[in-house]
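Hi there,

Here is the structure I promised to pass on. Have a look at it first, and my notes follow below.

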Amino acid sequence: MAGVKRRHTLAKAGVVTGLVLGGLFAALPVLWMLSTSFKSNGEVFQNPPQLITEGFSFDAYREILGNGEQLRFFLNSYIVAGAVTVLTLLVAVLAGFAFSRFTFPFQRTINAVIVSVQAVPPITLVIPYFGLVVALGLYNTYAGLILTHMVFTLPYAIIMTTAYLNTLPKELDESVKVDGGTGWTALWRILVPISVPGLIAVGVYTFMISWNEYLFALTLTRTNDMRTVPIGIQMLMGQHSYEWNQMMAMSILGSIPVLVLFLLFQRRFIGGLTAGAVKA
Amino acid sequence: MTSAHVEPVTAPQGAPPAERATPGRARANPARRLIPYAYLSPTIVLVVVLMIVPIVMVVGYSFRDNVIVQENPVFVGFANYAKVLTDLDFLAALKNTAVFISVSTVAHLVLGLAFAMMLNTQLLSGVTKAIFRIVYILPWLFTIAVIAVIWRLLLDPAGVVNYVLQTLGLVQEGVNWLGDPGTALWAVTFANIWSGYPFFMISLLAALQGISADLYEAAAVDGAGPLRRFLNVTLPQLRPVIVSMAVLDLIWTSQQFALIWMMTGGGPLNTTEMLSTYTYKQAFSEYEFASASAAAVIVLLLTMVLAFFYVRQQQRER
């Protein structure tokens with residue numbers, strides 16, 4: 001009996017050691033980013049390195065938040081990601097309703113095309129997008145970014161929304177139809193309100209994709225007043241002669257929206273994300 | 001984070017409880033048959049504008065010369081393809097991309113599986129595991145631009161990675177990981193491994209939790225030790241998820257642009273040039289939109305080969 005218990009303790013010690021080592025691998029780079037953001041720039045490469053230095057301050061954050069040009073990057077990211085999220089949810093709910101509640105010719109073909117959009121390389125699309133966006137007068141505008149970001153967000157959103165609506169029983173729609181309502185009323189009065197938890201997961205993921213998008217934001221904008229946070233971080237890299245503390249502060253400020261959304265909706269989010277993988 | 005994709009297994013082809021839109025009424029009013037298309041119209045318009053038209057355009061560009069920058073491009077047949085396929089820089093990019101995506105995918109799989117199995121242990125309480133799970137997901141929550149600057153800071157010749165290696169006596173002086181042609185490809189691959197394993201881990205963890213305990217008990221009754229149980233129960237049960245995730249990861253990693261662009265810009269001496277950075281440079285640095293389009297079409301074709309394997313795998317599972 002004692003032997004079994006000892007083996008149990010040993011196994012536990014082994015797992016904990018493994019978890020801690022893995023945790024260090026995951027967290028140390030993040031911790032170092034955080035630590036660097038509080039240093040003065042002269043202390044960034046001091047030898048030996050220290051986690052908390054004498055020059056500990058919020059100066060780098062003050063510098064970023066007090067700079068109108070940097071704040072504009074954040075405003076742009078919120079506008080673009082917010083609009084992409086609202087529009088994606090709207091289009092995805094309509095499409096999900098069609099896939100979930102109707103049978104119609106070319107249903108499988110249309111669905112296959114939507115799924116395959118996910119595999120198309122952004123680098124293949126960016127060249128014609130450049131031509132298209134210039135021709136449509138959308139170069140260097142929010143509209144150009146919002147429209148092109150939706151190519152990434154829509155397929156996932158439609159697939160997830162359809163799957164979610166499929167879990168809701170048909171009887172719900174029927175009750176509305178009995179009362180003389182149409183499919184349209186059933187969708188907005190009954191199905192959408194019940195689907196809020198699923199739609200939140202889709203919305204969070206959509207927001208994250210748009211917030212993080214880099215290639216189109218780089219290519220389809222020209223002036224700083226239209227650029228988003230990822231490009232802002234890159235520009236900080238070239239602009240000053242490596243203000244590492246400010247780069248790290250900007251990186252953290254730029255990561256906060258996604259971190260907060262993830263922590264708030266973690267459970268739902270991971271559930272939605274893995275729904276497919278489990279079934280496979 | 002650009003892993004903006006999800007398993008299309010959840011797609012409704014499976015067995016949607018879709019209703020036949022009441023055939024009687026549909027026949028009475030043919031307009032009713034159009035209802036689902038009305039709901040789909042915004043999607044269809046967007047897919048046409050954002051995918052079908054652009055792909056037709058880029059294929060068209062690839063057979064012409066002086067596109068975008070001049071008014072009247074001329075048809076040149078396969079000349080752009082011939083130019084790209086004989087360009088040594090392109091061939092280097094092809095080779096680098098192959099190394100980058102295969103090493104990344106294998107490492108994502110190994111780390112993702114190891115971490116998922118540790119997080120699935122019965123030996124620790126739920127709260128402890130939940131905390132570790134958040135820590136392990138951390139790298140996935142940062143945008144690629146942030147990951148690029150973090151690793152540029154860490155891998156700097158005077159950075160903390162070199163300090164640790166010097167202290168341990170593993171290197172004599174600070175290595176310029178991103179500036180040395182011998183190490184740059186491995187350095188960007190390492191950063192990509194760090195940023196990408198959590199997605200594997202989340203999917204594998206969910207799959208592990210779905211394996212029936214009966215299978216392990218039956219194996220234990222047969223006298224199988226931990227290793228045998230892993231090889232005979234865990235791996236076969238995870239196989240479908242592993243195969244789909246691996247193919248998806250190859251596709252996503254081959255599309256990685258921001259990380260390379262911000263860490264090395266494809267240098268030094270093209271050692272980290274990828275198909276994506278090569279194509280981008282052709283278009284937006286050289287303004288050779290025609291040959292860039294040819295490269296972009298080649299990238300699309302290579303992706304389609306991978307996607308074909310993915311779809312076939314999905315169908316086999318079904």
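Residues 184–208 of chain B are 100% helix and 0% strand, with end C-alpha atoms 35 Å apart. (Helices are DSSP runs of H or I of at least four residues, strands are E runs of at least two, and both are numbered from the N terminus.) UniProt, in an unreviewed entry, lists this stretch as a "transmembrane region" of chain B, along with others including 37–63 and 238–263; such annotations may be inferred rather than shown by experiment, the feature names are shortened, and the positions follow the numbering used here.

This is a predicted model: local features need pLDDT of at least 70 and side-chain atom pairs count only at 80 or more, while totals for chains, interfaces and linings use all residues. Residues are numbered from 1 along each chain as its sequence is written, with chains lettered from A and ligands numbered from 1 in the order in which they are written.

In chain A, 22 of the 25 residues of helix 6 are buried, that is, with 20 or more other C-beta atoms within 10 Å of their own, C-beta atoms being placed from the backbone. Helix 6 has a kink of about 45 degrees at A:Val151, shortly before A:Pro155; the bend is the angle between axes fitted to the seven residues ending there and the seven starting there. Residues 12–34 of chain A are 100% helix, with end C-alpha atoms 31 Å apart, and for residues 244–265 of chain A the ends lie 32 Å apart.

Best wishes

Conventions:
A residue is buried if 20 or more other C-beta atoms lie within 10 Å of its own, exposed if 12 or fewer, and partly exposed in between; C-beta atoms are placed from the backbone.
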